[in-house]
Amino acid sequence: MATEGKGDTTATGTSTTIPLHRQELLKWQGWGYRDSKFFINSNGLIEFSGSRYLLSGHVLPRLKDWMFSKLHATIDNYSPSVQEPNPDYIPEPILNNSFINDFQSSMGSTVQYSADMNDRLFHGHGHTLEEIWKLRNGGKFDRLPDWVVWPRNHSDVEKIVRLAVKHDVCLIPFGGGTSVTWALICPANEKRMIVSVDTSQMNKILYLDEKNLTARIQSGIIGQDLERELGKKGYCTGHEPDSMEFSSLGGWVATRASGMKKNVYGNIEDLVVHVTMVTPKGTIEKSCLGPRQSIGPDINHVIMGSEGTLGLVTEVTMKIRPLPACKKYGSIVFPDFESGVACLREIARLRSAPASIRLLDNEQFLFGQALATDNKGMLHSLVDNIKKLYITKIKGFDINRMCAATLLFEGTTNEVNQREKFVYDIAQKYNGMPAGEENGLKGYTLTFMIAYLRDVGLDYRIVAESFETSVPWDRVIDLCRNVKKRIITECEKHGVKYPPFSSCRVTQTYDAGACVYFYFVMNYNDIRTGSDPVHVYELVEQAAREEVLANGGSLSHHHGVGKIRTKWIKQAVSELGVGTMKSIKEYLDPNNIFGSNNLIPDSDENKEQHLKAKL
């Protein structure tokens with residue numbers, strides 16, 4: 001029986017960055033492009049390879065010293081990843097021959113499919129620390145998808161779902177694969193054939209409506225492709241999550257994503273006009289493209305955030321805008337984090353925020369200095385020293401308390417100039433000082449490279465992860481302080497020898513609160529005997545999440561729940577809320593065809609088994 005089919009490859013659509021077999025371009029055991037990584041070069045300095053990013057081809061002369069002094073890493077503790085998956089770790093596929101025969105006879109000539117080991121492995125994980133750790137050690141997962149299929153359009157998805165219902169096959173949607181919530185991990189106890197439905201070939205902009213400023217788009221399009229293709233026509237969505245290079249439109253809808261420029265363009269729920277989803281009961285969508293409708297609970301909001309548990313999103317109609325005539329970066333330094341938060345609160349209260357405004361705490365501010373490249377000559381260094389002298393000696397800023405905000409303004413030239421003046425005037429009231437466009441540009445674009453740092457850290461026994469929350473303004477300071485402190489005390493409790501790097505940043509602002517990201521980096525060398533570093537990390541992260549909730553933070557601002565946070569779902573939405581979600585699931589998918597087990601676990605027992613037997 002055939003295990004791979006080529007299907008029809010003649011259809012034309014959007015020029016795509018990511019190939020069908022993603023491992024040809026992307027790392028199979030780490031983040032991002034294969035040609036882009038941090039590494040220690042022959043001169044003993046950290047360099048960033050490739051040519052895709054601002055740092056590409058540059059040496060970062062201070063980064064290794066920071067990593068070795070701050071985190072106590074050493075060159076002797078080199079622990080590289082394996083270069084290829086271990087075939088012995090790949091579980092044998094569970095094949096439903098009746099489904100396969102039906103699929104091949106009805107769709108095999110038009111829809112690509114594969115049971116290749118590498119395709120199955122790539123589609124069986126996301127990007128949490130646990131998943132990347134397993135990949136670096138050969139790729140040992142309890143369960144993987146048994147097949148991967150690549151539908152081209154809504155009709156293909158309808159046919160696949162009908163076959164899955166007919167033959168009782170489990171489906172797991174796969175968009176960009178950037179999940180950080182265990183959402184793509186296959187349930188270990190799933191005995192049915194699991195098919196990963198990869199939407200990457202559903203990548204067309206179906207139409208662009210310039211009168212209504214909307215676009216109808218297939219759900220598999222990757223963020224960078226969407227913005228590039230719209231840009232050719234003079235438009236954009238403005239939705240730029242940190243993962244936009246690799247994440248998909250359907251994934252944004254399924255997780256209720258947020259972008260860095262949401263202050264101007266909105267979050268995904270603000271951008272979606274209409275969404276179509278195929279469920280085991282049929283296709284669900286509204287009949288009208290009106291901008292607002294009062295017709296009971298919003299069906300769009302049943303679909304958004306459903307995380308692949310109810311069906312597969314196939315098409316989305318989104319708001320678009322003309323490309324901004326003016327784009328300008330900026331940055332501000334504050335004497336302390338409290339002043340920075342107060343400034344951001346005032347900017348939000350007056351609804352004068354730029355497209356993006358993000359505040360780094362002191363730990364991240366100092367770390368940012370370690371990311372300076374080798375292209376600064378003596379003049380730049382001299383200017384830097386003069387600025388530092390002015391800020392620290394004349395203004396009285398303490399280098400160990402300072403923080404910084406990065407800014408991005410977009411709009412007409414007049415709008416940008418007015419907003420920029422307004423923001424800097426407010427910042428001055430909180431002792432903030434402008435720190436230049438260059439720092440703002442670097443701060444914004446570095447966002448797309450930060451995820452690559454985890455891989456070089458793992459090479460030297462450093463584990464790192466981030467998590468996020470949203471919180472009311474009056475609790476931002478307490479939450480940030482208490483969660484960072486909890487991370488440090490939990491590391492001590494679990495036998496971590498060296499102090500961790502514990503930091504945060506405010507990344508999105510609202511009238512009533514803000515999104516806060518936490519970054520946690522830990523050296524696991526000389527960890528307590530018998531301890532598993534990934535398990536220790538996850539115990540610390542769970543304690544930090546408990547602290548977040550105790551301080552009034554949300555379970556998630558935009559990453560979603562997946563399987564990693566189901567422990568707290570009743571606390572987050574109430575038992576009746578969970579019951580409502582279960583009822584919707586049981587109506588739309590009574591046989592659990594979309595059986596990822598995200599949002600609501602089978603049982604607490606299954607959750608505990610996963611935590612105890614991960615490696």
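A residue is buried when its relative accessible area is under 20%. The legends below apply this criterion to a predicted model.

View 1. Strand β18 spans residues 403-411, and nine of its nine residues are buried, so the strand is largely enclosed by the rest of the structure. In a regular strand, side chains alternate between the two faces of the sheet. Cys403, Ala405, Leu407, Phe409 and Gly411 point one way from β18, whereas Ala404, Thr406, Leu408 and Glu410 point the other way. Strand β16 (residues 326-334) runs antiparallel to β18 and is joined to it by nine bridges. Within this pairing, Ile332 stands opposite Ala405 of β18. Strand β17 (residues 356-360) also pairs with β18 in the antiparallel sense, over five bridges. Here Leu360 stands opposite Ala404 of β18.

**View 2. Strand β7, covered on both faces, and its parallel partner β8.** Strand β7 comprises residues 170-174, and five of its five residues are buried. Cys170, Ile172 and Phe174 lie on one side of β7, with Leu171 and Pro173 on the other. Five bridges link β7 to strand β8 (residues 194-198), and the pairing is parallel. The bridge partner of Ile172 in β8 is Ser196.

**View 3. Asp168, a loop residue with positive phi.** Asp168 belongs to the loop between α5 (154-167) and β7. Most residues other than glycine have a negative phi. Phi of Asp168, by contrast, is positive, with a value near 55°. The relative accessible area of Asp168 is 39%, so this residue is classed as partly exposed.

**View 4. Leu213 in the loop between β9 and β10.** The loop that holds Leu213 lies between β9 and β10 (214-218). Leu213 is a residue other than glycine with a positive phi, near 55°. Its relative accessibility is 30%, and Leu213 therefore counts as partly exposed.

**View 5. A nonpolar surface patch that includes Tyr207.** Leu206, Tyr207 and Leu289 make up a nonpolar patch on the surface. Together, these three residues have about 260 Å² of accessible area. Tyr207 is located in strand β9, which covers residues 205-209. With a relative accessible area of 36%, Tyr207 is partly exposed.

**View 6. The surroundings of Thr128.** Thr128 is situated in the loop between α3 (117-122) and α4 (129-136). The relative accessible area of Thr128 is 2%, so this residue is buried. Its side chain makes a polar contact with the side chain of Glu131, at 2.6 Å.

**View 7. An open sheet of three strands.** The strand order in this open sheet is β2-β3-β4, and the pairing is antiparallel. Strands β2 (38-40) and β4 (59-60) are the edge strands, each of which pairs on one side only. Three bridges join β2 to the antiparallel strand β3 (residues 46-48). Glu47 in β3 is the bridge partner of Phe39.

How values were computed:
Residues numbered from 1 in each chain as written. Predicted model: local features only at pLDDT ≥ 70, side-chain atom pairs only at ≥ 80, totals over all residues. Heavy atoms only, no water. Patch = residues over 30% accessible without salt bridge, like charges linked within 9 Å, V, L, I, M, F, W, Y side chains within 5 Å. Areas by Shrake-Rupley, 256 points an atom, 1.4 Å probe, with all protein chains shown as cover. Salt bridge = Lys/Arg side-chain N within 4 Å of Asp/Glu carboxyl O. Helix = DSSP H or I, 4+ residues; strand = E, 2+ residues; numbered from the N terminus. Buried < 20%, exposed > 50% of the residue type's maximum accessible area, 1.4 Å probe, protein only. Polar contact = N/O pair within 3.5 Å; in protein donor to acceptor, adjacent residues only side chain to side chain. Pairing = 2+ DSSP bridges.
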